[in-house]
Amino acid sequence: MTNYDISVIGGGPGGYVAAIKAAQMGAKTAIIEDGNIGGVCLNWGCIPTKTLLKSAKVYKYMMNSEKYGIDLENKSNVKINWENMKDRKNKVVSQLTGGVETLLKKNSVDIYNGFANIIDKNTIEVNNEKINTKNIIIATGSSPRLPDIPGFKESMEKGYIVTSKGVIDLDNLPKKLLILGGGVISVEFATLYNALGTEVTILHRSEKILRSLDDDISKKMNRILKKDGVKIVYNCDIQKIEDNKIMTIVKGKEKVFEGDKILTSIGRVPNLKGLENIDIKKYKKGIITDEYMRTNIDNIYAIGDVNGKYMLAHVASAEGISAVENILGEKSTINYNTVPSCIYSFPEIGVSGLTEKEAKEKGYDVITSTFPLAANGKALAEGETDGFIKIVSDDKYKEILGVHILAPTATDMIAEAVTTMELEGTAYELAKAIHPHPTLSETVMEAAHGIIDKPIHIFR
């Protein structure tokens with residue numbers, strides 16, 4: 001029986017980062033993965049979708065080339081090669097996952113390919129082989145939530161309903177795509193397929209998409225999607241599904257929607273299989289952990305989607321490092337108040353901290369400042385002015401409580417806000433910091449000026 005200091009179950013962005021960090025800190029480490037190294041993020045989520053979105057953006061640029069002074073004589077000759085797009089996506093995924101596997105090996109992490117069953121707190125069984133371990137980090141991730149709707153299972157078995165994993169590898173581009181749910185994944189896929197010419201309809205149970213976002217961002221994104229041709233049906237109560245048809249009640253009236261494919265995107269559930277032999281405490285979102293990622297069993301930790309705190313790859317990675325540091329004697333916690341959330345729509349969304357509504361509910365004397373991309377030189381030069389930045393601050397000290405960005409590079413821009421909030425920075429620091437010109441990041445500085453007094457480049 002091989003002995004390890006730390007065994008990590010799951011090779012996604014939480015698990016493989018934890019394994020590398022453990023090995024870097026001198027622990028004899030194993031990682032166990034039943035599927036592909038890289039997990040959902042690298043293989044079917046973050047990376048492949050962004051690769052496809054880039055192709056979609058190139059196509060969109062070409063179809064709007066005259067906006068940039070470039071004439072294409074016959075745009076009907078501009079064709080989407082779906083197979084080549086998927087090939088490019090697969091090459092990017094392969095390069096990245098291969099790189100991670102090499103990193104694990106270079107750091108002397110032993111890789112076990114197989115399903116892990118925890119036998120007891122110090123023993124794991126993989127492929128009928130038992131390994132002994134002082135500590136276990138559970139990083140088994142999550143799977144799509146499948147709703148209990150009449151006909152759903154049958155439609156999925158026939159191939160009409162797909163999950164976010166299946167929708168990136170369709171044989172053909174669908175002419176009509178129905179999307180169940182109005183969250184982050186729904187909006188990203190709506191953006192992708194709408195840009196590629198698919199007729200997209202989002203069927204959403206509530207009256208607002210992207211419910212967790214600041215109201216101003218959510219409303220603006222709603223308008224942009226509709227302007228681009230995405231249909232959004234609110235207050236949609238699904239009654240049953242028959243093959244590619246969805247029977248619903250919308251505002252008291254029966255309506256039937258039909259698509260070539262139906263994407264189900266109504267949340268995810270933690271992967272808890274393999275834990276049956278241990279008495280680990282759970283709640284409805286997953287495994288209960290404390291601020292040090294510890295479970296109720298003293299040498300077992302849980303990170304990423306499986307603990308249900310934040311289902312985000314970058315949070316899983318941060319939790320993985322924190323868990324390892326705690327196992328190896330350091331006191332390591334995470335500031336969840338500044339976790340960035342990103343949506344890779346057109347334009348992108350990057351947010352961190354409190355929304356205006358949340359800040360008011362917490363009792364802050366709130367002041368906000370918004371600066372439009374339309375007043376930014378780089379945005380004008382790039383022809384992408386549909387968006388804005390909104391800073392939420394407390395009025396007394398001007399401490400930054402939240403930043404909400406809708407811009408082509410919002411997912412990169414939000415890092416500045418995260419760092420500022422991590423340092424308990426104020427609008428004074430953001431306004432004082434010299435931002436390069438011309439950049440979209442100047443909008444951050446301008447909005448900060450608006451918190452203190454007035455922005456420079458718009459008149460108020």
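Student: In which loop is S108 found?

Tutor: In this predicted model, S108 is found in the loop between α4 and β3 (110-113).

Student: What makes the phi of S108 a value to remark on?

Tutor: The phi of S108 is near 65°. That value is positive, and S108 is a residue other than glycine.

Student: Why are α1 and α4 called roughly parallel to each other?

Tutor: The axes of α1 and helix α4 (residues 82-106) cross at roughly 25° and come within 9 Å. Angles under 35 degrees count as roughly parallel, and α1 and α4 are therefore described as roughly parallel to each other.

Student: Which hand does the crossing of α1 and α4 have, left or right?

Tutor: The crossing of α1 and α4 is left-handed.

Student: Which residues of α1 and α4 meet?

Tutor: From α1, the residues are Y16, A19 and I20, and they meet V100, L103 and L104 in α4. By class, this contact of α1 with α4 has six nonpolar residues, no polar ones and no charged ones.

Student: At what angle do helix α1 and helix α8 pack?

Tutor: Helix α1 (residues 15-24) and helix α8 (residues 313-327) pack at about 35°, and their axes are 8 Å apart. The crossing in which α1 passes α8 is right-handed.

Student: What makes up the contact of α1 with α8, by class?

Tutor: On the α1 side the contact is made by V17, A18, K21 and A22, and on the α8 side by S317, G320, I321, V324 and E325. By class, five of these residues are nonpolar, two are polar and two are charged. Gly counts as polar under the class rule, and G320 is one of the α8 residues in the contact.

Student: How many cavities of 30 Å³ or more does the count give?

Tutor: The count comes to one cavity of 30 Å³ or more. The largest cavity has a volume of about 50 Å³.

Student: What makes this space a cavity and not a pocket?

Tutor: A cavity is a set of points where a 1.4 Å probe fits but cannot get out, whereas a pocket is an open set. The largest cavity is lined by K60, T191, N194, A195, M221, L225, D228 and F346.

Student: Which element gives the most to the lining of the largest cavity?

Tutor: That element is α6, with three residues. Both α6 (184-195) and α7 give two or more residues to this lining. By class, the lining of the largest cavity has four nonpolar, two polar and two charged residues.

Student: What is the volume of the second largest pocket, and which residues are closest to its centre?

Tutor: The second largest pocket has a volume of about 380 Å³. It is lined by 17 residues, of which K60, K67, F346, G383 and E384 are the closest to its centre.

Student: From which element does the largest share of the lining of the second largest pocket come?

Tutor: The largest share, three residues, comes from α3. Both α3 (46-63) and α7 (215-227) supply at least two residues of the lining. By class, the lining of this pocket has seven nonpolar, three polar and seven charged residues.

Student: Is the peptide bond from F346 to P347 cis or trans?

Tutor: The peptide bond from F346 to P347 is cis, with omega near -5°. P347 lies in the loop between β20 (340-343) and β21 (348-353).

Student: What is omega for the peptide bond from H437 to P438?

Tutor: Omega is near -5° for the peptide bond from H437 to P438, which is cis. P438 lies in the loop between α12 (427-432) and α13 (442-452).

Definitions and conventions. Residues numbered from 1 in each chain as written. Predicted model: local features only at pLDDT ≥ 70, side-chain atom pairs only at ≥ 80, totals over all residues. Heavy atoms only, no water. Axes fitted to C-alpha atoms, helices over the stretch in contact; angles between N-to-C directions. Helix = DSSP H or I, 4+ residues; strand = E, 2+ residues; numbered from the N terminus. Left-handed = near helix turned anticlockwise from the far one by under 90°. Contact = heavy atoms within 4.5 Å. 1 Å grid on protein atoms, 1.4 Å probe; cavity = no way out; pocket = protein on both sides within 12 Å on 5 of 7 lines; lining within 4 Å. Points joined across faces, edges and corners; volume = space filled by probe spheres on them. Parallel < 35°, antiparallel > 145°, perpendicular 65-115°, else oblique.
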